Structure formats: structure tokens, C-alpha cells
Amino acid sequence: MMLHSSHFSSEEKLMIRELKKKIRHETDAQEKKELERQLNHLIEKAFIKKQLMRRKEL
């Protein structure tokens with residue numbers, strides 16, 4: 001399932017945008033990996049939240 005922008009709260013969208021910007025400008029590989037891990041965690045949380053909301057609808 002693809003995540004759509006409607007799956008994220010405006011606060012989550014802002015955090016994702018900031019993390020992506022930091023990842024693009026980061027040169028240290030270790031720091032970049034940590035930022036990518038944070039981004040993945042945030043997206044994963046949104047996916048789980050969406051799944052839980054869909055189950056309640058069924």
C-alpha cells in the first residue's frame with residue numbers, strides 16, 4: 001500500500017519535510033543513516049495508524 005499525504009498529520013508532514021531536507025544536505029554517512037532511520041520510523045508509525053483506522057471501519 002502506498003502512503004498518501006492524507007495519511008499524515010500536518011505536524012508529521014512538517015517533520016518528514018525537515019528530515020528529508022537534512023538527509024539531502026548531510027555529508028556524514030553515519031548521521032545520514034540515523035536521519036533515514038528516523039524518517040522510516042515516522043512513516044512506519046503513520047502506516048500503522050492508518051491500518052488501525054481502517055480496521056475500525058470494517
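**Packing of two helices in a predicted model**

The axes of helix 1 (residues 10–25) and helix 2 (residues 29–57) come within 9 Å and cross at roughly 155°. The structure is a predicted model, in which local features need pLDDT of at least 70 and side-chain atom pairs count only at pLDDT 80 or more, while totals for chains, interfaces and linings use all residues. Residues are numbered from 1 along each chain as its sequence is written, and side-chain values use heavy atoms, with hydrogens and water left out. Axes are lines fitted to C-alpha atoms, for helices over the stretch in contact, and angles run from 0 to 180 degrees between N-to-C directions. Helix 1 and helix 2 are therefore roughly antiparallel to each other (angles under 35 degrees count as roughly parallel, over 145 as roughly antiparallel, 65 to 115 as roughly perpendicular and the rest as oblique). Their crossing is left-handed, a term used if the near helix is turned anticlockwise from the far one by less than a right angle.

On the side of helix 1, the contact is made by Glu-12, Met-15, Ile-16, Leu-19, Lys-20, Lys-22 and Ile-23. Helix 2 contributes Lys-32, Leu-35, Glu-36, Gln-38, Leu-39, Leu-42, Ile-43, Ala-46 and Lys-49. Contact here means heavy atoms within 4.5 Å. By class, nine of the residues in this contact are nonpolar, one is polar and six are charged (Ala, Val, Leu, Ile, Met, Phe, Trp, Tyr, Cys and Pro count as nonpolar, Asp, Glu, Lys and Arg as charged, and the others, Gly among them, as polar).

The protein has two helices and zero strands, both taken as DSSP runs numbered from the N terminus (helices H or I, at least four residues; strands E, at least two). Of its 58 residues, 19% are buried (under 20% relative accessible area, with exposed over 50% and partly exposed in between, for a 1.4 Å probe and protein chains only). Among contacts between residues at least 6 apart in sequence, 52% join residues at least 24 apart.

The largest nonpolar core consists of eight residues, namely Phe-8, Ile-16, Leu-19, Ile-23, Leu-35, Leu-39, Leu-42 and Ala-46. Such a core is a set of buried Ala, Val, Leu, Ile, Met, Phe, Trp, Tyr and Cys residues joined through side-chain atoms within 4.5 Å. Helix 1 and helix 2 are the elements that give two or more residues to this core, and helix 2 gives the most, with four.

Leu-35, found in helix 2, counts as buried at 5% relative accessibility. The C-alpha atoms of Leu-35 and Lys-20, which are 15 residues apart along the chain, are separated by 8.3 Å. Glu-12 lies in helix 1 and is buried, with a relative accessible area of 11%.

Ile-43 is partly exposed, with a relative accessible area of 28%; Ile-43 and His-7 are 36 residues apart in sequence and 9.4 Å apart in space, C-alpha to C-alpha. Lys-50 is partly exposed at 21% relative accessible area. Between Lys-50 and Ser-6, 44 residues apart in sequence, the C-alpha to C-alpha distance is 9.8 Å.
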